[in-house]
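Good morning, everyone. Please have the sequence and the structure open, and follow along as I go.

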Amino acid sequence: MSKKSTPPKDWREGRRMRAWELQEQGWKQKGIAAALGVTEGAVSQWLKKAREQGKNVLRHQPPPGATPKLSQEQRAQLPVLLSQGAEAFGFLGQVWTTKRVAQMIQQQFGASYHPAHCSRLLRAIKWSRQKPSKRRPSAKRRSSSGKSNSGKS
């Protein structure tokens with residue numbers, strides 16, 4: 001009975017895993033490279049890594065990325081802080097904009113975020129940002145045709 005393996009996450013991972021399988025079947029690196037359409041150097045690197053660190057090293061490894069500025073605990077506090085309203089943090093009006101959220105995070109946690117990134121943070125915690133509506137000046141609002149009342153007929 002053969003072992004069940006998890007399917008590859010992407011075609012590159014599948015290619016690396018296939019190289020390992022072919023090597024175990026006795027294929028030479030040159031033949032593996034030709035069969036998979038890659039260089040012998042790539043096959044050599046994959047197989048060396050697999051021999052030294054184990055077959056699972058050939059699996060897809062997500063890129064590490066930068067470490068988050070907010071810890072999980074701090075991120076968990078965001079909905080509570082946001083629910084207090086913007087006025088609780090010295091802003092006029094209760095509307096949370098991404099710029100205000102960035103300022104609040106800076107005040108509370110000392111971490112600086114760009115307002116554009118704050119929209120990602122808000123989406124991650126399932127909080128919709130609120131954008132203030134821009135209103136026309138009152139003279140234009142009263143006009144039904146959309147033209148300004150300049151006194152000309």
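Start with E13, which sits in helix 1. Helices here are DSSP runs of H or I, at least four residues long, while strands are runs of E, at least two long, and both are numbered from the N terminus. Is E13 buried or exposed? With 1% relative accessibility, E13 counts as buried. The cut-offs: buried is under 20% relative accessible area, exposed is over 50%, and partly exposed is in between, using a 1.4 Å probe and protein chains only. E13 touches P7, P8, L58, R59 and H60, leaving aside residues up to four places away in sequence. A contact means heavy atoms within 4.5 Å.

A word on the source. This is a predicted model, where local features need pLDDT of at least 70, side-chain atom pairs count only at pLDDT 80 or more, and totals for chains, interfaces and linings use all residues. Residues are numbered from 1 along each chain as its sequence is written, and side-chain values use heavy atoms, with hydrogens and water left out.

Now the overall layout. The chain has 7 helices and 0 strands. Read from the N terminus, its elements go α-α-α-α-α-α-α. Of the 153 residues in the chain, 27% are buried. Take the contacts in the chain with a separation of 6 or more: 45% of them join residues 24 or more positions apart.

Back to helix 1, residues 11–24, for A19. A19 counts as buried, because its relative accessibility is 0%. Which residues does A19 touch, not counting those up to four places away in sequence? They are I32, L36, W46 and L47. A19 and V43 are 24 residues apart along the chain, yet their C-alpha atoms are separated by 6.9 Å.

Next, helix pairs. Two packed helices are described by the angle between their axes and the distance between the axes. Axes are lines fitted to C-alpha atoms, for helices over the stretch in contact, and angles run from 0 to 180 degrees between N-to-C directions. Helix 1 packs with helix 3, residues 40–53, at an angle of about 75 degrees, and the axes are 10 Å apart. So helix 1 is roughly perpendicular to helix 3. The naming rule is this: under 35 degrees is roughly parallel, over 145 is roughly antiparallel, 65 to 115 is roughly perpendicular, and the rest is oblique. Helix 1 brings R15, R16, A19, W20 and Q23 to the contact, and helix 3 brings W46, L47, A50 and R51.

Here is another pair. The axes of helix 5 and helix 6 come within 8 Å, crossing at roughly 85 degrees. That makes these two, helix 5 and helix 6, roughly perpendicular as well. On the helix 5 side, T98, K99, V101, A102 and I105 make the contact; on the helix 6 side, P115, C118, S119, L121 and L122 do.

Stay in helix 6 for A116. How exposed is A116? A116 counts as partly exposed, because its relative accessibility is 41%. From A116 to K99 is 17 residues in sequence and 8.2 Å in space, C-alpha to C-alpha.

On to the cores. A nonpolar core is a set of buried Ala, Val, Leu, Ile, Met, Phe, Trp, Tyr and Cys residues joined through side-chain atoms within 4.5 Å. The largest one has 19 residues, and L70, W96, M104 and I105 have the most contacts inside it. Helix 4 (72–83), helix 5 (98–109) and helix 6 (115–124) each supply at least two residues of this core. Which helix gives the largest share? Helix 5 does, with 5 residues. A second, separate core has 14 residues, among them V38, A42, W46 and A50.

M104 touches L78, L81, L82, F89 and W96, again not counting residues up to four places away in sequence.

Last, the rings. Rings of Phe, Tyr and Trp (its six-membered ring) pair if their centres lie within 6.5 Å; planes under 30 degrees apart are stacked, over 60 edge-to-face, and the rest tilted. How many aromatic pairs does that rule give? The count is 2. F89 and W96 form a tilted pair, 5.8 Å centre to centre, with 55 degrees between the planes. F91 and W96 form an edge-to-face pair, 6.0 Å centre to centre, with 70 degrees between the planes. W96 counts as buried, because its relative accessibility is 2%. F91 is buried too, at 13%.
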